[in-house]
Amino acid sequence: PPRFLTVYSLENSELVEKMIEKVSSRYPGIEIHLETGEEGASIFDSIDALTAKITAGIGPDILILDGLPAKTYQSRGLLTDLSPVLGSLLKELQQNILSAYMQEEKIFMLPVHYIVPAIFADREGGRAAESLHSLMQYNTGVGDSGKVYLGKYSREDLLELTYYHYMPDFILSDGSVDETELSNFLLFTKWLGDEGKVSSGESADCFFKASGNIADFTETYARVMFVPLCGMSDLDICANYAEGMAAREIELQSVDGIFFPEGLIGVNAWSQKGELANQFVQAVFSSEVQSEYADVPGFSVNTKTFALEFEHWKNGSTSKKEWLLEKQEEMIAKVSKNQMMDAAILQILQEESADYFSGEIILADCVAAIVERLP
């Protein structure tokens with residue numbers, strides 16, 4: 001009879017599908033079921049339902065923790081230590097990423113891929129981008145063009161950008177809310193959007209498609225553009241434009257050494273299928289399986305696979321472009337701070353700030369509405 005394993009992901013993605021497909025083909029005797037957040041339900045409701053299942057001992061075996069309150073799950077003892085499971089595989093993984101999750105020799109979660117936020121900026125713009133407040137000030141009162149490139153952004157896209165980059169730490173350890181921190185985050189985001197002539201409109205995930213807008217950026221007077229590096233093709237695009245940018249004294253820079261985990265794996269500590277879950281974890285981090293999803297977003301956390309992908313993109317490049325790609329590789333190898341997004345918080349911020357950003361309500365009322373909806 002087939003052996004069953006349940007994988008939970010808040011949303012389905014190409015990376016999750018590839019992972020399941022490759023593990024299934026490697027272990028045909030294991031039947032893997034994917035569960036996702038309930039359709040039509042809010043993210044909070046989906047997370048509440050999942051948490052209730054886990055604590056009742058009937059939750060999924062493997063958790064893709066992207067967007068989930070991963071740190072809360074860990075602190076409540078709901079995640080298994082993966083270090084014994086990974087064993088000798090740990091030596092094959094990128095140590096800068098691994099170190100971000102290691103706690104007293106234990107690892108409760110680990111991403112199979114990661115994204116590196118970067119900016120094209122001159123020296124002044126790079127300094128300005130160090131905080132949301134300084135970025136907002138830098139972009140204020142500079143005429144129609146703006147120094148920060150926000151072409152094609154909607155207000156929702158802008159909020160996603162500022163949330164990922166300048167995640168406000170407004171929920172305190174005792175569960176209370178630092179309303180000043182929250183107010184400032186919303187005020188500076190609105191100010192940045194108003195100066196950048198960002199209007200309401202459908203979210204188009206502009207932030208994570210930024211590499212496609214670099215050509216537009218080069219034709220403006222803007223001095224800062226946020227470019228999340230979501231894989232080798234983004235590096236290639238950036239290298240193509242880097243020389244032209246250098247003539248304007250604009251360079252590609254990383255942002256405070258942060259990275260965004262993609263396909264963040266955890267194992268339910270209450271799972272009755274520990275052995276199968278371990279096989280899944282070992283498979284997804286192996287170089288064999290990692291090399292199978294090299295074409296989906298993110299950089300491989302497996303050192304060998306990452307190096308091979310890089311060599312593949314460098315082949316046939318001019319010496320100048322090869323040098324630029326190597327500089328970018330060095331930048332990526334130094335990231336070591338994991339920035340974990342809470343999808344439920346972002347959803348509340350986006351929904352409750354819409355009327356504030358459009359000028360229909362004042363900031364204090366917007367903050368009050370957000371606080372009321374927080375768990």
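**Close-up views of a predicted model**

Asp256 sits in the loop between β8 (251-254) and β9. The model is predicted: local features need pLDDT of at least 70, side-chain atom pairs count only at pLDDT 80 or more, and totals for chains, interfaces and linings use all residues. Residues are numbered from 1 along each chain as its sequence is written, and side-chain values use heavy atoms, with hydrogens and water left out.

View 1. Asp256 is not a glycine, yet its phi is positive, at about 55°. Its relative accessibility of 56% makes Asp256 exposed (exposed is over 50% relative accessible area, buried is under 20% and partly exposed is in between, with a 1.4 Å probe and protein chains only). Lys152, in the loop between α7 and α8, also has a positive phi, near 70°, in a residue other than glycine. Lys152 is exposed, at 56% relative accessibility. Helices and strands in these legends are DSSP runs numbered from the N terminus (helices: H or I, at least four residues; strands: E, at least two).

**View 2. The salt bridge between Asp216 and Lys152.** The closest N and O atoms of this pair are 3.0 Å apart (a salt bridge is a side-chain nitrogen of Lys or Arg within 4 Å of a carboxyl oxygen of Asp or Glu). Asp216 belongs to helix α10 (residues 214-218) and Lys152 to the loop between α7 and α8, so the bridge ties together parts that are 64 residues apart in sequence. Asp216 is partly exposed, at 28% relative accessible area. Side chains of opposite charge can pair when their charged atoms come close.

**View 3. The salt bridge between Lys314 and Glu326.** An N to O distance of 2.9 Å joins the two side chains. Lys314 is in helix α14 (residues 303-314) and Glu326 in helix α15 (residues 319-333), 12 residues apart, and the pair links distant parts of the chain. Lys314 is buried, with 8% relative accessible area, whereas Glu326 is partly exposed, with 29%.

**View 4. The salt bridge between Glu351 and Arg373.** Here the N to O distance is 2.8 Å. Glu351 is part of helix α16 and Arg373 of helix α17 (residues 363-373), so this pair ties together parts that are 22 residues apart in sequence. Glu351 is partly exposed, at 43% relative accessible area, and Arg373 is partly exposed, at 31%. The count for the model is 13 salt bridges. Elsewhere, Glu21, Lys22 and Glu292 are linked in a salt-bridge network.

View 5. Ser9 lies in strand β1 (residues 3-9) and is buried, with a relative accessible area of 4%. Its side chain reaches the backbone oxygen of Glu11 at 2.5 Å. Leaving out residues up to four places away in sequence, Ser9 touches Val16, Leu34, Glu35, Thr36, Gly37 and Ile64 (contact means heavy atoms within 4.5 Å).

**View 6. Helix α8 and its neighbours.** Of the 11 residues of α8 (residues 155-165), 9 are buried, so the helix is largely enclosed by the rest of the structure. The buried residues are Asp157, Leu158, Leu159, Glu160, Leu161, Thr162, Tyr163, Tyr164 and His165. They pack against β6 (110-121), α7 (132-138), α9 (179-195), β7 (224-229), β9 (258-267) and α16 (343-357).

**View 7. The largest cavity, lined in part by α8 and α9****.** The whole structure holds 2 cavities of 30 Å³ or more (a cavity is a set of points, on a 1 Å grid over the protein atoms alone, where a 1.4 Å probe fits but cannot get out; lining residues have an atom within 4 Å of a point). The largest cavity has about 60 Å³ of space, the volume being the space filled by probe spheres set on the points, which are joined across faces, edges and corners. Its lining consists of Arg155, Leu158, Thr189, Lys190, Gly193, Asp194, Val198 and Phe357. Helix α9 gives the most to this lining, with 4 residues.

Conventions
Polar contact = N/O pair within 3.5 Å; in protein donor to acceptor, adjacent residues only side chain to side chain. 1 Å grid on protein atoms, 1.4 Å probe; cavity = no way out; pocket = protein on both sides within 12 Å on 5 of 7 lines; lining within 4 Å.
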